[in-house]
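Subject: The two-chain model we talked about

Hi,

Here is the structure I promised to pass on. Have a look around it first, then read my notes below.

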Amino acid sequence: MFLDILITGLISGSVYALLAIGFSLIFGVARIVNIAHTAFYMLAAYCIYFVVQKGGFHPVWGMLAAFVIVTLLGLLAYKLFIDPIREHEGAVLIGTIALAIAMQEFMLLLFSGDYVSVPSLIKGYFAVSGVKVFYQQLLTFGMVLVILFALWVLLMKTRLGLAIRSTAEDREVANLMGMNDSRVAMTAMGVSVGLAAITGAVIAPLTILTPFMWMHPLIMMMAVVVLGGMGSIKGSFAGAYILGFAESLVVFLIPQGAFLKGSVALSIMILVLLIRPEGLFGIAFEEER
Amino acid sequence: MGLFWFYVRRGYRVVRNEVLVLPSRVVLVLFVMTLLLLPLFTQDAYTLRILILTSIFAILAASWDLLSGYTGQLNFGHALFFGVGAYTAALLNLHVHIPPWGSIPLGGLAAVLSGLVIGIPCLRLRGTYLALTTLAFPIILMGIIFALPGITGGELGVSGLTRLSHSRIWDYYITVGLMLILCTVMWKITDSNTGIIFHAIREDELAVRAAGINTTRYKLMAFSLSGFFAGISGGLYAHFMRIAGPSTLEVSMSFTVVIWAIFGGVVTIYGPVGAVFILFPMLEFFRFWPEYRTLMFAGVVLLILLYMPEGLLPWIRDKIEVECPRCKIRNVALRKTCRICTASLD
């Protein structure tokens, strides 16, 4: 029981962390609330399914293909639909919602609504006191840590990371200092969608794929971002594991828990917000006027 | 008899001098007349059903605009009000046997209560934080509904409600009439002093507070007013469909409301109503290609937004009418000079 909770919590927490960091990255840099973020994650999972099950390639190729294709698609969608209306906050909001719905319907047409699954990269498991621990789960968790480290290096140690961080802090001043605002936004969008794609790639073997699989992570991702404090990567990281463990605790300990897992996690978010309106690690920054 | 002719002449004068001078007013009058006279020409149950549902959702979209458009408190969980209204009306009707004319307003009051419950914690949040937090509330309620199937019927919902009235025509007149009345009330609210304060809160909350206005009170008022109208539309929906199910609380429901309102143009009231009357029947029209229906819907929304990010109806209105630069009165775009102050309209 304890090990079950630990594993489920770690896996779902990691997924939420990756998604939330990508989401808050593009929000911080370009002030775009990208509802379609988790739709890209769904797209990546289906991409792997297509390459592996229909094409017969090794899952590693599927992951690479998913990463490249989904990132390109994300950039294309940004250029075509989001960039022209970036100044209108409301329009961006429903533009990305429409984008997500369009992607969902497209997948529904291509692969139908049937549940499908993807084979794991490494088969087999080992047992610890009667609980099966799949190698795939360990691999997923390991990959999440590697990706998070790579992202930290990108944001903290490179010139590009510096540009992204400074644009997030103050767009106008960054522009005056010679950073091309729209190019930084484009890059941030690429990194953000790329993160969503990787998340979809590492989680695909552990879940069941449906065109509607973007809904639940979307809500949890938003809750994580709000809980951790918007634009704070440390906050997203902590918030993701808090909500991930809350979900797995509810599922395993409370009868009818599967229904209540979303409710309890979201109630935790609201309770935290009542005490700290800017989130756990957020900074109550000055109102933009 | 003299009095009668007096009113006839006065009505004629109002029509000629106030209505016919502006295309938007002509469109509005034609729209209301068409809605009220339609059952004389067709009594097709399917058409009436579409229009009834359209009217119900028009109230919902307008109530979103009242809260999120005017005060700028982006609400992503508008389905909460709709769902609370629907479930309250359904449970009251089924267990306490209150007829629809009582249960629907009570559903609206329950939605006001829920508006206060979510409004109080949300007052400290603004902008995107608020939007993402409000998204959580309908999902929390949905979890509770699924966990208590004994009372709420779980996934199946509460069914077997009393009909709205005994015939389809009466259903039609009740919903369309209520839609017209409630939307007029909302429009009047936003046109009053309260509405001006709502505008000001959206533009600059700090300045409003500095002017000595209790913004907290006005924001809560916006939450409860919007909740009331949305709750009424929820109750109407429950009684018309004769079922209140968890689909009323779904995320897609909240998103659809936002799509309607922003597509039609926020901060107008008429925008969201018009958008529902365009988009909802259009979705029904697309039923000829059932697999592509939602895809085409999303495509239309995306394409229209690319060219009119302010929303469809304000864009059209700006094309056919111009505002006089001197006296701020609207004129037909064809005129060279203002119809009131004769200033040049360039």
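What follows is a short tour of what turned up. Keep in mind that this is a predicted model.

Let's start where the two chains meet. On the chain B side, 39 residues are in contact with 45 residues of chain A.

Several helices of chain B each supply at least two residues to the side that touches chain A: α6 (128-134), α7 (136-147), α13 (251-264) and α15 (293-307). Of the elements on that side, α7(B) gives the most, with eight residues. Sorted by class, this side of chain B has 29 nonpolar, five polar and five charged residues.

Now to chain A on its own. Helix α5 (residues 135-157) and helix α6 (residues 159-169) of chain A pack at an angle of about 75°, with their axes 5 Å apart. Angles from 65 to 115 degrees count as roughly perpendicular, so that is how α5(A) and α6(A) sit relative to each other. From α5(A), the contact uses L154(A), L155(A), M156(A) and K157(A), while α6(A) brings R159(A), L160(A), G161(A), L162(A), I164(A) and R165(A). By class, that makes six nonpolar, one polar and three charged residues.

Over all chains, the whole structure holds twelve salt bridges. One to look up is between the side chains of D181(A) and R86(A), at 4.0 Å from N to O. The pair links distant parts of the chain, 95 residues apart: D181(A) is in helix α8 (residues 181-203), and R86(A) is in the loop between α3 (59-82) and α4 (89-111) of chain A.

Last stop, back in chain B: which residues does T88(B) touch, leaving aside its neighbours within four places in sequence? They are L106(B), G107(B) and A110(B). T88(B) itself belongs to helix α4 (residues 79-96) of chain B. Its C-alpha atom is 8.6 Å from that of A111(B), 23 residues apart along the chain.

Terms used:
Residues numbered from 1 in each chain as written. Chains lettered and ligands numbered in written order. Predicted model: local features only at pLDDT ≥ 70, side-chain atom pairs only at ≥ 80, totals over all residues. Heavy atoms only, no water. Contact = heavy atoms within 4.5 Å. Helix = DSSP H or I, 4+ residues; strand = E, 2+ residues; numbered from the N terminus. Nonpolar A, V, L, I, M, F, W, Y, C, P; charged D, E, K, R; others polar. Axes fitted to C-alpha atoms, helices over the stretch in contact; angles between N-to-C directions. Parallel < 35°, antiparallel > 145°, perpendicular 65-115°, else oblique.
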